Amino acid sequence: MSFSRLLPVLATASLATAQVVPPEHTHDEPVALENVVVTAHPYGRSQADLAQPTNVLAGRALALHQSNSLGELLSDEVGVSSTYFGPGASRPVIRGLGGDRVRVLTNSVGSIDASVTSPDHAVALDPLLIERVEVVRGPATLLYGNSAVGGVVNVIDHRIHTTLPESPFNSRAELRVNSVNDEHSFGAVAEGGAGRFAWHLDGYRRDAEDVRIPGFAESARLRAEEAEEAAEHGEAPPEEISGRIPNTALNADGGAAGFSFIGERGYIGLSYSGHNTLYGVPAGAHAHQHEEEDAGAGEEAPAAEEEDPVRIDLRQRRVDLQGELTQPFAIFRGAKFKLGVARYRHQELEGGEIGTVFTNRGYDGRLELLHEQVGPVTGAFGVQSSRSDFEAIGAEAFVPPSRTENGALFLFEEAELKPVTLQFGARYETQDIALRDGSGISRDGDSVSLSAGVVWALAESWSLSASLSRNERQPSAQELYSNGPHIGTAAFELGDPGLGKEKSVGLDVSLRKRAGFVTGALTGFVNRFDGFIYEQPTGGEEDGLTVYQYVQRDAEFYGAELETILHLHESAAQQLDLTLGADLVRARNTSDDTDLPRITPQRTKVGLAWVRGPYSAGGEVQFVAAQDRVAPNETPTDRYALVSAYAGYRFALGRATYDVFVRGSNLTDEEARLHTSFLKEVAPLPGRGITVALRASF
């Protein structure tokens with residue numbers, strides 16, 4: 001459906017005789033510090049009551065920031081950027097850390113895909129129908145894994161009901177179009193219950209063409225280099241791509257069915273879901289600059305001959321089982337368990353032929369036992385087990401087939417000693433990696449992580465929190481055993497079986513205010529690594545690609561974050577808020593005193609949000625500073641500003657409630673190159689785009 005066909009529908013609906021409905025209360029934004037967060041605490045606590053800094057994206061904010069990928073959905077959040085490998089693939093980067101150091105979860109269970117192995121591999125989910133996203137910034141290893149030293153991103157849907165629905169049947173449907181890539185997407189949810197049983201059905205479809213950009217795909221620096229090289233050979237400058245980035249079209253579809261039994265002593269539920277997507281890798285991605293994974297010195301890779309456009313055909317089928325016992329037994333007041341089992345496959349299509357096939361079959365399961373209160377202490381014990389059978393077959397099989405098994409014991413304890421709340425945690429984890437190439441090579445090891453936190457209620461609305469953690473991470477199969485061409489990042493990667501454990505110590509301190517004219521938080525953090533693992537160029541070449549070797553060096557990450565709301569006006573009739581946000585991160589290789597690559601530059605944003613009855617409107621400007629603190633041979637990026645605005649209206653017709661909104665992004669059509677992206681020199685962020693959406697709830 002085009003804009004010309006959708007707009008009359010929206011106009012007709014708006015002009016019809018309708019009952020206006022005030023929008024739901026919107027003070028559930030992250031900076032309001034009132035959201036209950038389940039990701040960082042076994043019992044769930046409000047953001048103000050946690051020692052760790054968190055973000056929550058839900059409600060109107062989630063609808064307004066909807067995107068094709070999880071990374072872009074969260075990229076405007078304080079402390080969070082993205083890898084942006086084009087519209088089809090983008091993973092979150094938290095405080096300059098990405099890859100395996102940021103755990104992506106679905107309902108507290110691992111995503112079970114191949115997104116950590118390369119930035120051109122998408123996370124196996126579509127954000128269109130999710131309910132909320134919780135982000136725990138900084139070390140979050142206690143509940144979810146010792147590798148999560150950067151943080152945790154937990155995507156929460158409603159496919160398994162944990163409580164009985166309020167009505168026997170309800171549904172919602174959403175339609176949206178976007179001008180920047182001619183996107184048309186549609187999703188629908190139906191759910192209900194009878195007696196003690198609840199059910200859920202959902203489905204979605206997304207189609208988009210090549211993304212529009214302001215100006216040229218290649219940066220001015222790269223175009224100048226190519227023109228100079230052409231002149232040296234007496235040739236004309238190459239023809240430049242502008243207006244759109246070729247081979248960035250995508251389509252995605254999927255759905256799920258869930259069923260739950262909710263009794264007086266708890267619940268148990270099962271869901272089955274499928275996700276399919278076919279997306280293009282931006283032109284030039286396989287022929288230009290490579291900057292190493294996560295951190296480490298980078299240098300320019302030699303240009304490679306551009307071949308057929310590469311598209312990725314991704315498929316995942318997944319079963320989730322979860323339940324909770326709320327009746328006390330023995331020394332416990334309850335128990336929770338969650339299990340996800342998935343089969344994942346993606347094919348890298350080179351023209352009309354299959355180049356490389358990646359598969360991952362695995363599971364991730366966890367059991368938490370919540371014990372009875374002992375004096376002022378409450379808490380939980382838990383066990384977690386996961387397995388991944390990973391294989392790459394074809395030209396880009398840079399990692400041998402392997403089986404990785406992890407097992408963990410963890411605990412989390414909290415003591416309320418008003419006005420101080422203490423939080424303690426520990427996790428012991430084992431990892432066993434076995435190659436399945438007939439070599440008989442295997443490696444096992446263990447790691448221990450500890451944390452201590454305090455939340456001090458200074459006054460009725462003020463609190464001071466601090467979190468100190470010591471973390472250990474075992475190297476992954478990719479870091480240990482890579483040996484081959486990785487076309488996605490234009491590198492020939494070499495692992496090192498002799499890599500040891502990566503150790504780090506992290507400290508977060510936050511000052512928070514949860515009520516009054518000003519609400520929000522100011523956070524400072526530092527994270528020091530002993531034996532930080534990253535790729536380093538050797539100076540050699542293999543198959544025309546620069547050779548990169550995984551090595552270990554010491555490193556330090558530090559910075560600050562600000563997120564606040566000024567409640568300019570609040571009454572029963574209307575609300576007007578001014579939002580301010582900023583983040584800063586610095587990262588250095590302390591072994592040789594150099595900056596690390598692909599670190600998020602300083603960012604500041606200012607926004608205004610207004611609500612009056614059924615109407616809402618707002619706007620935001622995000623200022624991104626130039627990044628000139630770069631690794632050796634890494635190129636800098638220029639500063640830019642992104643301007644966005646939105647307007648919405650809610651009304652009722654019969655038994656249905658409708659939400660209509662229009663959002664404009666990058667309204668000044670500014671060229672913006674994301675420093676955390678591998679493709680910053682060949683793929684800028686999208687240009688001016690207008691999104692129109694209609695959501696109906698029945």
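Leaving aside neighbours within four places in sequence, Tyr279 is in contact with Gly88, Ala89, Asp120, His121, Ala122, Ala249, Leu250, Val310, Arg311 and Ile312. Contact here means heavy atoms within 4.5 Å. The model is predicted: local features need pLDDT of at least 70, side-chain atom pairs count only at pLDDT 80 or more, and totals for chains, interfaces and linings use all residues. Residues are numbered from 1 along each chain as its sequence is written, and side-chain values use heavy atoms, with hydrogens and water left out.

Tyr279 and Phe85 have the most contacts inside the largest nonpolar core, a set of 28 residues. A nonpolar core is a set of buried Ala, Val, Leu, Ile, Met, Phe, Trp, Tyr and Cys residues joined through side-chain atoms within 4.5 Å. Buried means under 20% relative accessible area, exposed over 50%, and partly exposed in between (1.4 Å probe, protein chains only). Strand 18 and strand 21 (377-394) each supply at least two residues of this core. The largest share, three residues, comes from strand 18. Strands are DSSP runs (E, at least two residues), numbered from the N terminus. A second, separate core has 17 residues and includes Leu74, Leu125, Ile130 and Val135. In soluble globular proteins, nonpolar side chains tend to be buried together.

Strand 18 spans residues 310-325 and contains Gln316. Gln316 counts as buried because its relative accessibility is 4%. Beyond four places in sequence, Gln316 touches Ser111, Ile112, Ala124, Ser273, Gly274, His275, Ala342, Arg343 and Tyr344. Its side chain also reaches the backbone oxygen of Ile112 at 2.9 Å. This is a polar contact (a pair of N or O atoms within 3.5 Å; within protein, one must be able to donate a hydrogen and the other to accept it, and residues adjacent in sequence count only if both atoms are side-chain atoms).

Ala342 belongs to strand 19 (residues 332-350). Its relative accessible area is 2%, so Ala342 is buried. Residues up to four places away aside, Ala342 touches Ile112, Gln316, Arg317, Arg318, Asn360, Arg361 and Gly362. Ala342 and Leu596 are 254 residues apart along the chain, and their C-alpha atoms are separated by 35 Å.

Strand pairing was examined next. Two strands pair if DSSP finds at least two bridges between them. Strand 21 and strand 22 run antiparallel and are joined by 14 bridges. Val377 stands opposite Ala415 in strand 22. Strand 22 also pairs with strand 23, in the antiparallel sense, over 16 bridges. Glu405 has Asp432 of strand 23 as its bridge partner. A hairpin joins strand 22 to strand 23 through two residues. Pro419 lies in the loop between strand 22 (402-417) and strand 23 (420-435). The peptide bond from Lys418 to Pro419 is cis, with omega near 10°.

Most residues other than glycine have a negative phi, and most peptide bonds are trans. Asn247 is not a glycine, yet has a positive phi of about 60°. Asn247 sits in the loop between strand 15 (242-244) and strand 16 (250-263). With a relative accessible area of 16%, Asn247 is buried. Asp593, also not a glycine, has a positive phi of about 55°. Its place is in the loop between strand 31 (574-589) and strand 32 (594-595). Asp593 counts as exposed, at 53% relative accessibility.

Note on methods: Helices (H or I, at least four residues) and strands (E, at least two) are DSSP runs, numbered from the N terminus.
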